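Me: I am new to this structure and would be grateful for a close look at a single part of it. Please describe that part in one connected account.

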Amino acid sequence: MSSLAEVSPEGLTEPERVAVVAVLESLKGAAAAAQARLTAAAVVDREALGEDSRSVRADLALARRCSPTVADQHVGVAKALVGELPLTMAALERGEISERRATIVVRETACLSREHRGEVDRRLAPVIGSLGDKALGAAARRAGA
């Protein structure tokens with residue numbers, strides 16, 4: 001984190017600055033994927049101990065500095081990415097998509113069966129990194145239909 005705090009625009013050309021922003025965006029995606037894996041595993045661990053998952057959700061809300069409601073959303077997204085949308089998760093891990101775009105895929109496939117969700121994941125995989133938010137949502141809805 002200290003290295004990131006020292007990133008400065010000084011001495012960089014405008015194209016270099018934009019390139020660094022792009023790299024940092026990819027890093028954010030990879031970090032979001034790591035958070036999703038850790039979140040899903042934490043929920044599984046607590047449930048294996050027979051505990052209510054609400055306790056881990058409260059801990060995750062504190063860790064992510066968000067409300068319990070938003071933490072619940074993160075848990076749902078994490079479980080879907082890890083358990084049902086492996087290609088979307090892989091794109092997030094590679095930094096090809098943002099956490100927001102991964103969440104769009106999760107949201108637009110939430111009403112589908114596991115099998116159909118997987119099919120949407122396969123259909124979106126070749127184009128997921130090239131679509132904007134609205135286009136990705138529409139593509140996910142079309143594939144789900």
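Reply: Leaving aside its neighbours within four places in sequence, Thr39 is in contact with Leu60, His74, Val75 and Ala78. The model examined here is a predicted one. Thr39 lies in helix 2, and because its relative accessibility is 6%, below the 20% limit, it counts as buried.

Thr39 is one of the buried residues of helix 2, a list that also holds Gly29, Ala32, Ala33, Ala36, Ala40 and Val43. These buried residues pack against helix 3 (53-64), helix 4 (68-83), helix 5 and helix 6 (99-108).

The length of helix 2 can be checked. Its 35 residues, at 1.5 Å a residue, should span 51 Å, and the C-alpha atoms at its ends are 51 Å apart, so the two values agree. After helix 2 comes Gly50, which has a positive phi, near 80°.

Two packed helices are described by the angle between their axes and the distance between the axes. The axes of helix 2 (residues 14-48) and helix 5 (residues 86-93) come within 7 Å and cross at roughly 130°. Helix 2 is therefore oblique to helix 5. On the helix 2 side, Gly29, Ala30, Ala32, Ala33, Ala36 and Arg37 take part, and they meet Met89, Leu92 and Glu93 of helix 5.

Notes
Residues numbered from 1 in each chain as written. Predicted model: local features only at pLDDT ≥ 70, side-chain atom pairs only at ≥ 80, totals over all residues. Heavy atoms only, no water. Axes fitted to C-alpha atoms, helices over the stretch in contact; angles between N-to-C directions. Helix = DSSP H or I, 4+ residues; strand = E, 2+ residues; numbered from the N terminus. Parallel < 35°, antiparallel > 145°, perpendicular 65-115°, else oblique. Contact = heavy atoms within 4.5 Å. Expected span 1.5 Å × (residues − 1). Buried < 20%, exposed > 50% of the residue type's maximum accessible area, 1.4 Å probe, protein only.
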